[in-house]
Amino acid sequence: MGSPASRSESVDHRGPVPESLTTAAPAAAPLTLPRLLWGASASTFHRVWLGEGALLAINASLIVVARMPVLQAIAVMALSTITLALMYMLNDLYDAPADRCNPKKDQHLVSLYLDYGHIWYPLVFALKGLMIVAAWFVLGAPAAWAVPAVLFVNMVYSFGLKGVPIIDVAWCG
């Protein structure tokens, strides 16, 4: 048989491997409907909580000034709110890898986006498509063009211009 060194199998002389290196990372918590709904709305709630909900307030003001019928105003505000939520969600979803190290960010939300990015991205884009169709029916064809335009601006900002001095602010303006 020969000595252990002469065998084809290797012998590790470094000692035992620490348990932390031999155990797998904990599995992500399952994506339940409540977690899905929370993840879809948390980006917007967080911004409103921090006083960054100016776009929602502006949209509500424009709806009031337009003096549209109550049911139409509710539908337009819902459409506007969901569209803004999708914009915020895409931005936070894209930023999640960098936000992992940012103590100011909600780490539960960051983990949810990182663990289930393969679900969130298709979901966000599917919902954006649904918002475009809903805008067509709620606002009519001419006004509905604003929704894909705003969603396009959001994608260009999130994927390319965010953090580019002066240009990022000008693009969003």
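The chain exposes about 11500 Å² of surface, and carbon and sulfur atoms supply 71% of that area. The model is a predicted one. Buried residues account for 27% of the 173 residues in the chain.

One part of the surface is a nonpolar patch formed by V133, W136, F137, V138, L139 and W145, which together have about 640 Å² of accessible area. Among these residues, L139 lies in helix α6. L139 counts as partly exposed because its relative accessibility is 30%, a value between the limits of 20% for buried and 50% for exposed.

As to the fold, the chain contains nine helices and zero strands. Along the sequence, the pattern is accordingly written α-α-α-α-α-α-α-α-α. Of the contacts with a separation of 6 or more, 64% are between residues 24 or more positions apart.

In soluble globular proteins, nonpolar side chains tend to be buried together. The largest nonpolar core of this chain has 23 residues, of which M89, Y113 and W120 touch the most other members. Two or more residues of this core are given by each of the helices α4 (70–99), α5 (107–115), α6 (117–139) and α8 (146–161). Helix α4 provides the largest share, with nine residues.

Which residues is M89 in contact with, leaving aside its neighbours within four places in sequence? They are G39, A40, S43, Y113, W120 and V124.

Side chains of opposite charge can pair when their charged atoms come close. The structure holds one salt bridge. The salt bridge is formed by D92 and R47, whose closest N and O atoms are 2.9 Å apart.

Are the two partners buried or exposed? D92 counts as buried because its relative accessibility is 12%, and R47 counts as buried because its value is 12%; the limit for a buried residue is under 20%.

| Residue | Relative accessibility | Class |
|---|---|---|
| L139 | 30% relative accessibility | L139: partly exposed |
| D92 | 12% relative accessibility | D92: buried |
| R47 | 12% relative accessibility | R47: buried |

Technical notes. Residues numbered from 1 in each chain as written. Predicted model: local features only at pLDDT ≥ 70, side-chain atom pairs only at ≥ 80, totals over all residues. Heavy atoms only, no water. Core = buried A, V, L, I, M, F, W, Y, C linked by side-chain atoms within 4.5 Å. Buried < 20%, exposed > 50% of the residue type's maximum accessible area, 1.4 Å probe, protein only. Helix = DSSP H or I, 4+ residues; strand = E, 2+ residues; numbered from the N terminus. Contact = heavy atoms within 4.5 Å. Areas by Shrake-Rupley, 256 points an atom, 1.4 Å probe, with all protein chains shown as cover. Patch = residues over 30% accessible without salt bridge, like charges linked within 9 Å, V, L, I, M, F, W, Y side chains within 5 Å. Salt bridge = Lys/Arg side-chain N within 4 Å of Asp/Glu carboxyl O.
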